[in-house]
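Subject: Handover of a structure with its ligand

Dear colleague,

Please find below the sequence and structure that I am handing over to you. A short account of what was found follows.

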Amino acid sequence: MKKIVAYPGTFDPITNGHLDIIRRGANLFDGLVIFVAKSNEKHPLFTFEERIEMAQCLAKEFNNVSVMPLEGLLTTCLKENNIKVVLRGLRTMSDFEYEFQMALINKKLYPDLETVLMMSSSEFVFLSSSLVREIALLGGDVSKFVPPCVGKRLKRRPANNGRGLCI
Ligand code: COA
């Protein structure tokens, strides 16, 4: 039976740090599904559709990576798709507390589920979506921090609901 792993996140936007985890995860498992969470409560800068599109352009580089939208509970979605492993990246000890809590709650909701925490490669430990958003909003060059197909979409445009950034 094929081992499929889910890689969920808000991906606002997806960065080279996420790509590092995706690449390594896709090598370990037969298939990897990027679940792009709607995460309305986080008020993402990029729309749900934009974040899905960015993940899709990145997934095209792999033959065993796909993208699915995630609305509602992760565990419900995973049960529906018969996926029993979740992959999450770990940059620092401060990530660990949140990841540990989420893994334990998800396990309560879906006892068959296992969470695999993968250490970030050292060159991406500093990277976060919020820093990329801030640099882009202030007109800086984020091309070093995001995959090329995502970088192309992070172009400045004067009018974008006053947020100064668009895809
Ligand atoms: N490299 C680079 N950045 C990384 C990273 C890595 N390896 N691992 C995490 N990050 C960063 C992201 O850049 C982002 O940074 P920011 O906070 O500065 O924006 C942050 O860590 C987390 O973002 P992301 O990776 O997109 O995941 P998330 O924490 O937003 O994902 C969900 C959370 C979507 C998995 C979770 O909320 C969920 O499951 N939601 C569905 C609803 C649900 O089931 N809720 C109950 C959960 S117990």
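P13 lies in the loop between β1 and α1. Please bear in mind throughout that this is a predicted model. The peptide bond that leads from D12 to P13 is cis, and its omega is near 0°. The loop between β1 and α1 also contains F11. This residue, F11, has a positive phi of about 55°, although it is not a glycine.

I turn next to the ligand. The ligand sits in the largest pocket. There are 27 residues around the ligand, and those that come nearest are T10, K42, L74, S129 and S130.

What is the make-up of the shell around the ligand, in nonpolar, polar and charged residues? The shell divides into 11 nonpolar residues, 12 polar residues and four charged residues. Several elements contribute to the shell: β1 (4–9), α1 (16–28), β4 (85–90), α4 (93–109) and α5 (129–137) each supply at least two of its residues. The largest share comes from α4, which provides four residues.

- In the side chain of T10, an N or O atom is 2.6 Å from an oxygen atom of the ligand.
- In the side chain of H18, an N or O atom is 3.0 Å from an oxygen atom of the ligand.
- At S129, a polar backbone atom is 2.7 Å from an oxygen atom of the ligand.

Taken alone, the ligand exposes 940 Å², and the protein buries 82% of that area.

The last topic is the disulfide. The structure holds one disulfide, and this bond joins C57 to C149 with an S to S distance of 2.3 Å. Where in the chain do C57 and C149 lie? C57 is in helix α2 (residues 48–59), while C149 is in helix α6 (residues 148–151). The pair is 92 residues apart and thus links distant parts of the chain. Why is the disulfide described as right-handed? The reason is that the torsion about the S-S bond of C57 and C149 is about 75°, so the disulfide is right-handed.

With kind regards,

A colleague

Conventions:
Residues numbered from 1 in each chain as written. Predicted model: local features only at pLDDT ≥ 70, side-chain atom pairs only at ≥ 80, totals over all residues. Heavy atoms only, no water. Near = heavy atom within 4 Å. Polar contact = N/O pair within 3.5 Å; in protein donor to acceptor, adjacent residues only side chain to side chain. Areas by Shrake-Rupley, 256 points an atom, 1.4 Å probe, with all protein chains shown as cover. 1 Å grid on protein atoms, 1.4 Å probe; cavity = no way out; pocket = protein on both sides within 12 Å on 5 of 7 lines; lining within 4 Å. Sits in = over half its atoms within 2 Å of the grid points. Nonpolar A, V, L, I, M, F, W, Y, C, P; charged D, E, K, R; others polar. Disulfide = S-S within 2.5 Å.
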